Amino acid sequence: AAKAQRVKRAIQVNRERGESPVRKHGSHHLVSTTNKPIRFNKLFFNEQRHYDDTSGKFRCSIPGVYFFTYHLTVYPKDARVGLYKNDKAVMLTYDQFQENNVDQASGSIVLRLEAGDEVWLQVYGDEKHGGIYADNTNDSTFSGFLLYPNTPATSQRR
Amino acid sequence: AAKAQRVKRAIQVNRERGESPVRKHGSHHLVSTTNKPIRFNKLFFNEQRHYDDTSGKFRCSIPGVYFFTYHLTVYPKDARVGLYKNDKAVMLTYDQFQENNVDQASGSIVLRLEAGDEVWLQVYGDEKHGGIYADNTNDSTFSGFLLYPNTPATSQRR
Amino acid sequence: AAKAQRVKRAIQVNRERGESPVRKHGSHHLVSTTNKPIRFNKLFFNEQRHYDDTSGKFRCSIPGVYFFTYHLTVYPKDARVGLYKNDKAVMLTYDQFQENNVDQASGSIVLRLEAGDEVWLQVYGDEKHGGIYADNTNDSTFSGFLLYPNTPATSQRR
Ligand SMILES: [Ca+2]
Ligand SMILES: [Ca+2]
Ligand SMILES: [Ca+2]
């Protein structure tokens, strides 16, 4: 049982880029939209398919403690992003953009999740905070992995 | 024994925000002070209570290899932060602030710790480097978790 | 066998600084060079010696799923860095530098590696993107660790 669980540990890393596989000079491949999850459309590691690239959400199937981290390219406007757990923004990252000064913003979190819990990134606030950028030479990423699955002892304790 | 150790693995993520739960326009909730640890007053995951939110220090109880990471909102001045292990700054992160250009600064480290070792973040240098900011919509975080507990073989090797 | 594998888990964190242990005012300890891996010359945790500080490359000896993360000080010019896996840049991080505004850029990735696979950081593009800086009070780091070693089941699945 322990071995099976190890194999099934949820892991994923995802990268978003513009739709076009060809880099176009002067075209912005913005991916951020307000009021819905940021979709990371390039999946690097998603063997268990716990990240749904249609909804943009990670869905927990193995209860336990997870680590998530994201790294965003800030351009061409400010970025304010929330890490959501089940419709609640539990962490917020804000970075202001200035002309000719592309920036990087990042965040990490350790969370205990139950089966069915969902985690995703979303622009927090209105459109002027949607400066999360990606194209062929600029990545914005969202990664996560299971640290420790719940044990019988964990369940008893809680 | 293995199961017990797994359950006791030290994990924590902590978030600092201003004291006020209400966001006040124009009021700065600075949390950084020189010469003492930055206190992260919002505890997200600290089940084993290995992070002491009074002292601001993580204290190792399970010897092994740990991963720590932090993500700081840089505002309204420069930020220079040291990750300390037992009174020694083992890593330094520096980010300059410019008007209307809030930034994000982050760092990560893998460290082997013995029982009793302490790890924390602290402004490095004088007050002008204390621009670590947090309020209701801007987080600054410190996270960490045990990667691999020491084994008898580890102890022998060392 | 399980215990032995645990002990041998590849872990490393590395920090680059200038050659001089003494901080020199006005001298830049640039470490980035185009067309070859960035060498992290200060090894924090490299017990298994899976990071080769001569080549600048991490070499996988235990097949499995790995996590890597890097945090770079951007100065005194723009920085565009690729995380390479076997001569292919699988992730790119870009941050522009502006006068008096040192920045931080970071990235993370989850990757499945086979024995012999190599992972490293390298400036992507020409010299004007080589603004990765380190000196006695400014770190730039590269860390990584094994999340889950392959299991017989993993091998069968693939
Ligand atoms: Ca920048
Ligand atoms: Ca900024
Ligand atoms: Ca800056």
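Is Cys60(B) buried or exposed? I looked it up and found Cys60(B) buried, at a relative accessible area of 2%. Buried here means under 20% relative accessible area, exposed over 50%, and partly exposed in between, with a 1.4 Å probe and protein chains only. Cys60(A) is buried too, at 3%. I then looked for disulfides, a disulfide being a pair of cysteine sulfur atoms within 2.5 Å. The count over all chains is 0.

**Ground rules.** I noted that this is a predicted model, in which local features need pLDDT of at least 70, side-chain atom pairs count only at pLDDT 80 or more, and totals for chains, interfaces and linings use all residues. Residues are numbered from 1 along each chain as its sequence is written, chains are lettered from A and ligands numbered from 1 in the order in which they are written, and side-chain values use heavy atoms, with hydrogens and water left out.

**Chain A in outline.** I listed 2 helices and 10 strands in chain A. Helices (H or I, at least four residues) and strands (E, at least two) are DSSP runs, numbered from the N terminus. Along the sequence the pattern reads α-β-β-β-β-β-β-β-β-β-β-α. Of the 158 residues of chain A, 61% count as buried. I also checked contacts, meaning heavy atoms within 4.5 Å. Among those in chain A between residues at least 6 apart in sequence, 76% join residues at least 24 apart.

I took donors to be N, O and S atoms within 2.8 Å of the metal (3.2 Å for Na, K and Ca); water is not among the atoms, so sites may look incomplete. For the calcium ion (ligand 1), chain A gives Asn101(A) (OD1), Val102(A) (O) and Asp103(A) (OD), while chain C gives Asp95(C) (OD), Gln96(C) (O) and Asp103(C) (OD), at 2.2 to 2.5 Å. The pair Asp103(A) and Asp103(C) crosses between chains, from strand S7 (residues 103-113) of chain A to strand S7 (residues 103-113) of chain C. Asp103(A) is buried at 1%, and Asp103(C) is buried at 1%.

Val102(B) is buried, at 5%.

The calcium ion (ligand 3) is coordinated at 2.2 to 2.5 Å by Asp95(B) (OD), Gln96(B) (O), Asp103(B) (OD), Asn101(C) (OD1), Val102(C) (O) and Asp103(C) (OD). Asp95(B) is buried at 0%, and Asp103(B) is buried at 0%.

I then looked at geometry. Four donors count as tetrahedral if all angles lie between 85 and 135 degrees; four count as square planar and six as octahedral if opposite donors are over 155 degrees apart and all others between 65 and 115; anything else is irregular. The site of ligand 1 is irregular, with angles of 74 to 170 degrees among its 6 donor atoms. The site of ligand 3 is irregular, with angles of 74 to 170 degrees.

**Strand S7 of chain B.** I found 11 of the 11 residues of this strand (residues 103-113) buried, so the strand is largely enclosed by the rest of the structure. Asp103(B) and Ala105(B) are among those that point one way, and Gln104(B) and Ser106(B) among those that point the other way. In a regular strand the side chains alternate between the two faces of the sheet. S7(B) pairs with strand S5 (residues 64-85) of chain B in the antiparallel sense over 11 bridges; two strands pair if DSSP finds at least two bridges between them. Thr73(B) stands opposite Gln104(B).

The peptide bond from Tyr75(A) to Pro76(A) is cis, with omega near -5 degrees, and Pro76(A) is in strand S5 (residues 64-85) of chain A. Asn100(A) is not a glycine, yet has a positive phi of about 60 degrees. Asn100(A) lies in the loop between S6 and S7 of chain A and is partly exposed, at 49%.
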